[in-house]
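Grab a pencil and work through the exercises below. Try each task yourself before you read the steps under it.

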Amino acid sequence: MATHLASIDRRTFLALAASACVAPAAPSTSLGHPRSPTGDDGPLFLGARLNHGGHEVAVIDEYGSDRLVLPVPARGHSFAIDAVRRRAVAFGRAPGRFAVAFDIDGGSKPHAIAPPADRHFFGHGAFTPDGRWLLATENDYEAGRGAVGIYDAGKGFARIGEIASGGIGPHEVVLLGDGRTLCVANGGIQTHPDYGGQKLNLDTMQPGLAYIDCETGDLTEQAFLAPALNQLSIRHLAVDAQGTVWFGCQYQGEPAQRPPLIGRHRRGREPELFAGPGETLKAMNNFVGSVALDVSGEIVATSSPLGGLIAFWDAATGRHLGHRELADGCGVAPLERHHVLATSGRGAVTDLTPGSTAHIVEPAPDTPAWDNHLRRIG
Amino acid sequence: MRVALIFSCAVPAAAQDGAGARVAETFARPAFAELQKTAAAAELEIGALCTMPSAEALTKARGAFAELVPAWGKASVLRFGPLADEHRMERIYFWPDPRGIALRQVQATIAGEDESATSSENLAQKSAALQGLPALEFALYGSGADDLAGGATAYRCRFAEAIAGNIASIADELLAGWADGTDFTGAFTAPAADTEPYRSAGEVDSEIVRALSTQLRFMHEAQLLPALGADIGKARGKRAPLWRSELTFALVTAQLDGVRDLMNAAGYESIIPEETSWVPGAILFEIGTARAALDGVEITPADAFADETARDKIEFAGLTIESAAANITEKLAAALGLIVGFNALDGD
């Protein structure tokens with residue numbers, strides 16, 4: 001029974017991982033992509049997707065063409081990226097029992113990583129700047145607390161320990177500009193694999209942001225929302241040009257309530273929340289699926305697949321800049337100044353600004369369905 | 001069936017059907033009225049037990065509880081609207097409760113004889129774990145409950161009476177919420193561009209479809225799986241809801257009946273296009289199959305999960321329930337013209 005899988009069958013997984021294929025270098029025109037020059041050193045994007053019933057992670061270029069496709073045993077979620085060494089780790093979606101490290105350019109064989117039997121991944125992670133340590137948000141579900149697992153990239157990603165995440169249900173983790181402070185979004189929701197996807201503590205949840213010095217393991221700062229917003233689960237994070245953490249939330253309270261879903265936190269201050277226009281807030285349906293900045297770090301993009309829209313915010317002021325509709329859109333990543341690349345469950349790969357939509361790959365029934373997150377490298 | 005095809009092409013099914021009005025009239029109101037009636041009856045029987053304790057009165061009070069549980073099981077599929085407001089769902093049925101909060105709080109309340117917990121008005125302001133069926137079950141069936149027949153536990157009896165009264169009050173509120181004239185009922189039964197919280201028949205259908213699948217997943221994940229454990233050696237029947245009263249399977253089968261009745265009330269089989277008209281029937285068949293399997297469990301919930309024969313039936317019911325949930329989110333939603341996105345369906 002899937003919910004009780006202690007770990008994936010390692011041999012099966014390695015067989016799958018070994019079948020990773022590098023997409024043909026020649027430009028692919030079958031899906032009507034504009035162009036995909038070979039030898040291009042432009043940015044690449046990583047996303048998990050469902051392709052004709054099979055789960056995979058894919059590296060695509062800015063033209064939407066596949067550069068690398070790696071089959072994975074179950075639904076993937078997000079990635080830790082070591083841009084210098086051009087390496088990434090794809091995590092399985094919570095309750096994730098697998099991760100896979102791979103060379104973004106397809107140079108070496110993928111490497112399977114499993115969490116300990118009494119932990120599962122939440123689907124997000126980060127590398128330290130030196131590429132040595134992989135940090136992954138994990139569920140210590142018997143104890144009902146969050147953990148950040150530490151894996152040594154130099155030793156085959158052996159897990160050497162963990163640090164407390166500072167809360168329950170840690171979801172996304174980002175590394176701040178100082179290269180040593182982690183910011184963890186503790187979503188606050190307790191889950192246990194014995195109870196499937198059920199949320200076990202909605203009455204007492206206390207979401208928050210935890211800042212952790214990853215060299216010492218010390219919890220250096222915590223930020224919480226106002227008590228009345230204790231059911232506003234902080235899930236996804238991005239860091240702007242000023243080093244401020246932006247976060248996107250999912251509300252677990254009464255559906256008729258419409259609390260703000262976007263916020264930012266400056267160290268040493270209280271978190272600020274931004275509601276935007278009432279219609280946009282309502283359309284987001286109490287759910288933000290992903291948060292990203294543009295390349296300049298001036299504009300925040302937040303996706304709501306429930307609302308089928310990507311909303312844009314001025315990072316300096318929190319002002320709502322507009323939104324673009326994208327049915328089942330969720331993945332967002334920096335593309336250019338004031339542009340993000342967005343992906344959707346209907347196969348769209350789309351260049352968005354607060355005022356424009358340009359499909360790079362049109363949504364279509366036969367195209368791979370992109371899952372929650374899109375990450376950029378380069 | 002040319003007419004059906006023209007019908008389905010010309011007018012999107014979701015904009016045409018009156019599923020919300022049918023559900024309100026033929027399922028929601030009767031289901032909540034039954035909840036109200038059985039809760040009030042339980043309050044009355046427990047009150048009689050408190051006034052004149054006897055073994056017979058305790059049996060009657062427990063009998064009333066055994067009527068209340070399936071009434072809740074049926075109605076609980078309507079987990080949106082009035083039931084989602086004011087934490088009513090959790091107040092009637094605080095579950096899952098992996099940390100045993102209800103047990104601890106109820107035991108402490110009974111031990112401390114907290115007088116404020118003996119009026120349903122006060123109880124409504126207290127922890128949800130004290131307010132509903134798990135608390136009432138412990139009061140009537142938990143350790144020491146047999147003393148209720150002898151009258152030595154007067155406090156416990158009055159506490160139980162207050163819980164039943166509180167459930168009846170919440171049921172009153174639910175009926176009021178589903179009555180004509182509320183914003184919710186207006187939007188649910190006649191959605192329009194200016195109604196809230198639903199602005200189209202499609203949004204109402206989405207709510208119904210989500211309720212059906214959520215209830216099925218809840219039944220399996222929150223109620224059956226924890227007690228099943230990873231294997232028979234790890235089975236823990238006492239992690240199942242209402243094992244003390246041996247009403248676990250009565251609850252689950254009533255929940256299945258609620259899913260069936262909600263689907264029938266929505267009347268989808270008559271409005272979806274002919275090529276997918278088999279979908280509701282297939283789902284109903286799965287629900288009936290799961291129900292039959294659970295009906296075949298002949299030993300107490302505390303033991304059933306660790307008994308090979310009973311366990312097979314429960315596991316089979318669980319898989320069938322999961323399959324029905326998947327068919328609802330995938331095939332029924334598609335047949336209704338509701339495109340449920342890959343990301344929107346199951347966000348993280």
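Helices here are DSSP runs of H or I with at least four residues, strands are runs of E with at least two, and both are numbered from the N terminus. This is a predicted model, where local features need pLDDT of at least 70, side-chain atom pairs count only at pLDDT 80 or more, and totals for chains, interfaces and linings use all residues. Residues are numbered from 1 along each chain as its sequence is written, chains are lettered from A and ligands numbered from 1 in the order in which they are written, and side-chain values use heavy atoms, with hydrogens and water left out.

**Exercise 1. Find where B:Pro197 lies and what kind of peptide bond joins B:Glu196 to it.**

Step 1: Look in chain B, in the loop between α10 (183–189) and α11 (201–228), and there is B:Pro197.
Step 2: Check omega between B:Glu196 and B:Pro197: at about 5 degrees, the bond is cis.
Step 3: Now try B:Trp95 and B:Pro96, which are also joined by a cis peptide bond, with omega about 5 degrees. B:Pro96 sits in the loop between α5 (88–92) and α6 (101–112) of chain B.

**Exercise 2. Work out whether A:Phe157 is buried or exposed, and where A:Phe157 lies.**

Step 1: Go to the loop between β11 (145–152) and β12 (158–164) of chain A.
Step 2: Read phi: A:Phe157 is not a glycine, yet has a positive value of about 60 degrees.
Step 3: Apply the cut-offs: buried is under 20% relative accessible area, exposed over 50%, and partly exposed in between (1.4 Å probe, protein chains only). With 6%, A:Phe157 is buried.
Step 4: Repeat for A:Asn286, in the loop between α2 (278–284) and β21 (290–293) of chain A. Phi of A:Asn286 is positive too, near 60 degrees, and at 7% relative accessibility this residue is buried.

**Exercise 3. Which cysteines does a disulfide join, and what is its handedness?**

Step 1: Pick the pair: B:Cys50 and B:Cys157, S to S 2.2 Å. That's the one disulfide over all chains.
Step 2: Take the S-S torsion of B:Cys50 and B:Cys157, about -100 degrees, so the disulfide is left-handed.

How values were computed:
A disulfide is a pair of cysteine sulfur atoms within 2.5 Å.
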